[in-house]
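Take a slow walk through this protein chain.

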Amino acid sequence: MRVYVPLTLPGLAEAHKTGELGSGPFLAYAVTPALREWYLSEDIEELEYAALSRAALASLRLLAADPGAVRRRVVVAVDVADSAASVDPDRALDPSALGEVTVTTTVPLAKAAAVHVDAEDAEQDVAAAADALEAADGGDDDAQFVVDGADDHELLWYATQEIPNLVGLV
(Lines give C-alpha, C1' and ligand atoms only; values in the text may rest on other atoms or scores of the structure.)
Protein backbone atom coordinates (compact mmCIF):
# COMPACT_ATOMS: atom_id res chain seq x y z
CA MET A 1 0.00 0.00 0.00
CA ARG A 2 1.31 3.44 -0.89
CA VAL A 3 1.02 5.82 2.04
CA TYR A 4 1.72 9.53 2.20
CA VAL A 5 3.43 10.70 5.38
CA PRO A 6 3.01 14.38 6.29
CA LEU A 7 6.12 16.08 7.63
CA THR A 8 7.84 19.45 7.84
CA LEU A 9 11.38 20.15 6.65
CA PRO A 10 12.68 19.78 10.24
CA GLY A 11 10.76 16.49 10.43
CA LEU A 12 12.37 15.36 7.18
CA ALA A 13 15.79 16.37 8.54
CA GLU A 14 15.13 14.24 11.64
CA ALA A 15 14.04 11.29 9.49
CA HIS A 16 17.19 11.71 7.40
CA LYS A 17 19.32 11.73 10.56
CA THR A 18 17.64 8.67 12.14
CA GLY A 19 16.99 6.80 8.90
CA GLU A 20 13.34 6.29 9.89
CA LEU A 21 10.11 7.96 8.85
CA GLY A 22 8.57 6.72 12.04
CA SER A 23 8.70 3.82 14.42
CA GLY A 24 4.93 3.38 14.56
CA PRO A 25 2.29 4.10 15.24
CA PHE A 26 2.13 7.26 13.16
CA LEU A 27 -0.38 8.99 10.94
CA ALA A 28 -0.29 8.79 7.15
CA TYR A 29 -2.77 9.00 4.27
CA ALA A 30 -3.71 6.44 1.64
CA VAL A 31 -6.45 5.44 -0.75
CA THR A 32 -8.98 4.10 1.76
CA PRO A 33 -12.54 2.90 1.08
CA ALA A 34 -13.91 6.16 2.54
CA LEU A 35 -11.63 8.23 0.30
CA ARG A 36 -12.77 6.23 -2.75
CA GLU A 37 -16.41 6.81 -1.83
CA TRP A 38 -15.89 10.51 -1.16
CA TYR A 39 -13.86 11.15 -4.33
CA LEU A 40 -16.15 9.12 -6.62
CA SER A 41 -13.41 8.07 -8.99
CA GLU A 42 -12.01 4.77 -10.12
CA ASP A 43 -8.85 6.39 -11.52
CA ILE A 44 -6.09 5.29 -9.14
CA GLU A 45 -3.88 8.26 -10.07
CA GLU A 46 -6.65 10.69 -9.10
CA LEU A 47 -7.23 8.79 -5.86
CA GLU A 48 -3.51 8.79 -5.04
CA TYR A 49 -3.42 12.54 -5.71
CA ALA A 50 -6.37 13.00 -3.34
CA ALA A 51 -4.49 11.06 -0.63
CA LEU A 52 -1.38 13.18 -1.28
CA SER A 53 -3.51 16.32 -0.94
CA ARG A 54 -4.90 15.12 2.39
CA ALA A 55 -1.32 14.54 3.59
CA ALA A 56 -0.36 18.05 2.41
CA LEU A 57 -3.15 19.48 4.58
CA ALA A 58 -1.84 17.43 7.52
CA SER A 59 1.63 18.85 6.83
CA LEU A 60 0.10 22.32 6.97
CA ARG A 61 -1.28 21.43 10.42
CA LEU A 62 2.21 20.39 11.51
CA LEU A 63 3.53 23.75 10.29
CA ALA A 64 0.82 25.58 12.25
CA ALA A 65 2.06 23.78 15.37
CA ASP A 66 5.72 24.61 14.67
CA PRO A 67 6.11 28.35 14.01
CA GLY A 68 9.88 27.99 13.59
CA ALA A 69 9.70 25.55 10.67
CA VAL A 70 10.34 26.68 7.12
CA ARG A 71 6.90 27.31 5.60
CA ARG A 72 6.91 24.48 3.07
CA ARG A 73 4.62 21.46 3.20
CA VAL A 74 6.42 18.10 3.00
CA VAL A 75 4.93 14.71 2.15
CA VAL A 76 6.90 11.48 1.83
CA ALA A 77 5.46 8.71 -0.34
CA VAL A 78 6.36 5.21 0.80
CA ASP A 79 5.06 1.70 0.22
CA VAL A 80 4.23 -0.40 3.26
CA ALA A 81 2.68 -3.84 3.68
CA ASP A 82 -1.12 -3.73 3.69
CA SER A 83 -1.04 -5.18 7.20
CA ALA A 84 1.13 -2.27 8.40
CA ALA A 85 -1.54 0.40 7.81
CA SER A 86 -5.03 0.44 9.24
CA VAL A 87 -8.07 2.69 9.21
CA ASP A 88 -9.64 3.63 12.54
CA PRO A 89 -13.25 2.40 12.16
CA ASP A 90 -14.43 5.06 14.63
CA ARG A 91 -13.12 7.80 12.34
CA ALA A 92 -13.88 6.22 8.97
CA LEU A 93 -16.91 8.43 8.32
CA ASP A 94 -15.38 11.61 9.76
CA PRO A 95 -14.77 13.98 6.81
CA SER A 96 -11.64 15.34 8.47
CA ALA A 97 -10.18 11.81 8.57
CA LEU A 98 -10.68 10.90 4.90
CA GLY A 99 -7.73 8.82 3.75
CA GLU A 100 -6.24 8.70 7.23
CA VAL A 101 -4.39 5.53 8.20
CA THR A 102 -2.25 4.54 11.14
CA VAL A 103 1.07 2.93 10.24
CA THR A 104 2.01 0.51 12.98
CA THR A 105 5.51 -0.56 11.95
CA THR A 106 8.89 1.09 11.70
CA VAL A 107 9.36 2.53 8.22
CA PRO A 108 12.92 3.11 7.04
CA LEU A 109 13.37 6.33 5.09
CA ALA A 110 15.32 4.26 2.55
CA LYS A 111 11.99 2.66 1.54
CA ALA A 112 10.57 6.04 0.45
CA ALA A 113 9.54 6.27 -3.18
CA ALA A 114 9.60 10.07 -3.41
CA VAL A 115 9.40 13.29 -1.45
CA HIS A 116 6.94 16.08 -2.31
CA VAL A 117 7.79 19.61 -1.14
CA ASP A 118 6.51 23.11 -1.81
CA ALA A 119 8.67 25.38 -3.94
CA GLU A 120 10.20 28.48 -2.38
CA ASP A 121 7.59 30.70 -4.04
CA ALA A 122 4.86 28.96 -2.02
CA GLU A 123 6.26 29.96 1.37
CA GLN A 124 4.24 33.17 1.75
CA ASP A 125 0.91 31.49 0.92
CA VAL A 126 1.74 28.43 3.04
CA ALA A 127 2.67 30.69 5.99
CA ALA A 128 -0.62 32.57 5.65
CA ALA A 129 -2.53 29.28 5.41
CA ALA A 130 -0.85 27.91 8.54
CA ASP A 131 -1.73 31.11 10.40
CA ALA A 132 -5.37 30.95 9.23
CA LEU A 133 -5.90 27.25 9.92
CA GLU A 134 -7.36 27.59 13.42
CA ALA A 135 -9.90 30.21 12.30
CA ALA A 136 -10.79 28.10 9.25
CA ASP A 137 -11.39 25.10 11.51
CA GLY A 138 -13.73 27.33 13.50
CA GLY A 139 -15.87 28.03 10.43
CA ASP A 140 -14.39 31.35 9.24
CA ASP A 141 -14.98 31.38 5.46
CA ASP A 142 -12.34 34.06 4.82
CA ALA A 143 -9.75 32.02 6.71
CA GLN A 144 -10.77 28.90 4.76
CA PHE A 145 -10.15 30.83 1.54
CA VAL A 146 -6.61 31.60 2.77
CA VAL A 147 -6.04 27.94 3.72
CA ASP A 148 -7.28 26.83 0.31
CA GLY A 149 -4.76 29.23 -1.25
CA ALA A 150 -1.95 26.87 -0.25
CA ASP A 151 -3.50 24.29 -2.59
CA ASP A 152 -2.84 26.65 -5.50
CA HIS A 153 0.78 25.50 -5.20
CA GLU A 154 1.57 22.02 -6.46
CA LEU A 155 4.04 20.07 -4.37
CA LEU A 156 7.21 19.40 -6.34
CA TRP A 157 8.47 15.84 -6.75
CA TYR A 158 11.94 14.97 -5.49
CA ALA A 159 13.86 11.71 -5.70
CA THR A 160 14.99 10.32 -2.37
CA GLN A 161 18.62 11.03 -3.33
CA GLU A 162 17.73 14.73 -3.12
CA ILE A 163 16.76 14.57 0.56
CA PRO A 164 20.20 15.84 1.75
CA ASN A 165 19.73 18.96 -0.37
CA LEU A 166 16.18 19.44 0.92
CA VAL A 167 17.15 19.15 4.58
CA GLY A 168 19.87 21.69 3.93
CA LEU A 169 17.01 24.23 3.69
CA VAL A 170 16.27 23.84 7.43
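Lys17 forms a salt bridge with Glu14. A salt bridge here is a side-chain nitrogen of Lys or Arg within 4 Å of a carboxyl oxygen of Asp or Glu. In this pair the closest N and O atoms are 3.5 Å apart. Side chains of opposite charge can pair when their charged atoms come close. Both Lys17 and Glu14 sit in helix H1 (residues 9-18). They are 3 residues apart, about one turn of the helix. Helices are DSSP runs of H or I with at least four residues, strands are DSSP runs of E with at least two, and both are numbered from the N terminus.

The model is predicted, so local features need pLDDT of at least 70 and side-chain atom pairs count only at pLDDT 80 or more, while totals for chains, interfaces and linings use all residues. Residues are numbered from 1 along each chain as its sequence is written, and side-chain values use heavy atoms, with hydrogens and water left out.

Glu14 is partly exposed, at 40%. The cut-offs are simple: buried means under 20% relative accessible area, exposed means over 50%, and partly exposed lies in between (1.4 Å probe, protein chains only).

Arg2 is partly exposed, at 28% relative accessibility. Asp79 is also partly exposed, at 42%.

Strands S1 and S4 are joined in another way too. They run antiparallel, and 6 bridges join them. Two strands pair if DSSP finds at least two bridges between them. Find Tyr4 in the structure: Tyr4 stands opposite Ala77 in S4. In S1, 5 of the 6 residues are buried, so the strand is largely enclosed by the rest of the structure.

Now look at Asp118. Asp118 forms a salt bridge with Arg73, and the closest N and O atoms are 2.7 Å apart. Asp118 lies in the loop between strand S8 (112-117) and helix H4 (123-137), and Arg73 lies in the loop between helix H3 (44-65) and S4, so the pair ties together parts that are 45 residues apart in sequence. A network of salt bridges links Arg73, Asp118 and Asp151.

Other strands pair as well. Strand S3 (residues 26-29) and strand S6 (residues 100-103) are antiparallel, with 4 bridges. There, Phe26 stands opposite Val103 in S6. Strand S5 (residues 85-86) also runs antiparallel to S6, and 2 bridges join them. Ser86 has Thr102 in S6 as its bridge partner.

Next come the loops. Gly99 lies in the loop between S5 and S6. Gly99 is buried, with a relative accessible area of 1%. Pro67 lies in the loop between H3 and S4. Pro67 is exposed, at 70% relative accessibility. Pro67 and Ala130 are 63 residues apart in sequence, and their C-alpha atoms are 8.9 Å apart in space.

Helix H5 (residues 141-149) is the last stop. Gly149 is found in H5. Gly149 is buried, at 15% relative accessibility. The C-alpha atoms of Gly149 and Ala129 are separated by 7.0 Å, although the two are 20 residues apart along the chain.

Asp148 also lies in H5. Asp148 is partly exposed, with a relative accessible area of 37%.
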